Amino acid sequence: MMPVSGVNTGAAKPLTAVAEVEEKSKVQGAEEKEKERLPKPIRDQYIPEEKEEPIGRYWLEEDEDGKRKVHFDDPDEEKEAKGPEKKEPEKKTEKCVANTDKVDREIEKLKRKQKELKQKINTETNEAKLKELEGELAQVERELRQKDNDGYRRSHTVFS
C-alpha cells in the first residue's frame, strides 16, 4: 500500500484510451436513435382513394329518410364527363309531338258524307236509289263507329 501522502496530485491519467471514449459516444448516439425509432402509438388515419372507374354496377343505399335507393354507375356517362373540363353530363331530352290530324280529317270527311247522305235520303223519291243511299249510309256509320274512338286515334297517331 501506498501512503496517501505519496499520491501524485498532478494531472490525472485517463483510464481508457481516447479512441475508446469516442466509440462509446457513438454507441450512446445509436441508443438514442433506437429510442427515437420506437414505434409511435398507432392511430387511425384517413387515406383518400381515387374514384374507381365505373363498371356498370348496381347497388342499394339508404337515403336520409331510411328509404332504399338503387344506384347505377354508368361507364358511358363517366366517359362523357371526362373532357378537358369536368362538366356534369348533359341529359339529352327529346320532345315528341303526337299528331292526330290525319285521323281527325278522316273522321270529319266521314261525318260530312253521313250528313250529305241523310239529306239525299230525305229528298230522294226513287225507291231503288233510296235503298242504295241507305246502304251507303249504314256503311259510313259503321266506319265512323270504328274510327271515332280513342283506341283508333292512339293506334294511328304519328309521332315526330
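A salt bridge is a side-chain nitrogen of Lys or Arg within 4 Å of a carboxyl oxygen of Asp or Glu. The exercises below apply this and a few other terms to a predicted model, in which local features need pLDDT of at least 70, side-chain atom pairs count only at pLDDT 80 or more, and totals for chains, interfaces and linings use all residues. Residues are numbered from 1 along each chain as its sequence is written, and side-chain values use heavy atoms, with hydrogens and water left out.

**Exercise 1. Compare the span of helix α4 with the expected span, and find what caps its N-terminal end.**

Step 1. The expected span is 1.5 Å times one less than the number of residues in the helix.

Step 2. Helix α4 covers residues 127–147, which is 21 residues. From first C-alpha to last it reaches 30 Å, close to the expected 30 Å.

Step 3. The cap is Asn126, with a side-chain oxygen 3.3 Å from the backbone nitrogen of Ala128. A polar contact is a pair of N or O atoms within 3.5 Å; within protein, one must be able to donate a hydrogen and the other to accept it, and residues adjacent in sequence count only if both atoms are side-chain atoms.

**Exercise 2. Sort residues of α4 into buried and exposed, and say why the buried ones line one face.**

Step 1. Buried means under 20% relative accessible area, exposed over 50%, and partly exposed in between (1.4 Å probe, protein chains only).

Step 2. Leu130, Leu133, Leu137, Val140, Leu144 and Lys147 are buried in α4. Seen down the helix axis, the buried residues of α4 fall within an arc of 115°, so they line one face. The arc is taken over the directions from the helix axis to the C-beta atoms.

Step 3. An α-helix has 3.6 residues a turn, so residues three or four places apart point the same way.

Step 4. On the other side of α4, Glu127, Ala128, Lys131, Arg145 and Gln146 are exposed.

Step 5. The buried residues of α4 pack against α3 (101–123) and α5 (150–155).

**Exercise 3. Trace the salt bridges of Lys147.**

Step 1. The whole structure holds five salt bridges.

Step 2. Lys147 meets Glu106 in one of them, at 2.7 Å from N to O. This pair links distant parts of the chain, with Lys147 in helix α4 and Glu106 in helix α3, 41 residues apart.

Step 3. Lys147 also forms a salt bridge with Glu143, with the closest N and O atoms 3.4 Å apart. Both residues lie in helix α4, four residues apart, about one turn of the helix.

Step 4. Lys147 is buried at 14% relative accessible area. Glu106 is partly exposed at 24%, as is Glu143 at 26%.

**Exercise 4. List the residues that Ile107 contacts beyond its neighbours within four places in sequence.**

Step 1. Contact means heavy atoms within 4.5 Å.

Step 2. With those neighbours left aside, Ile107 is in contact with Leu144, Lys147, Asp148 and Arg153.

Step 3. Two of these residues, Asp148 and Arg153, form a salt bridge, with closest N and O atoms 3.5 Å apart.

Notes
Helix = DSSP H or I, 4+ residues; strand = E, 2+ residues; numbered from the N terminus.
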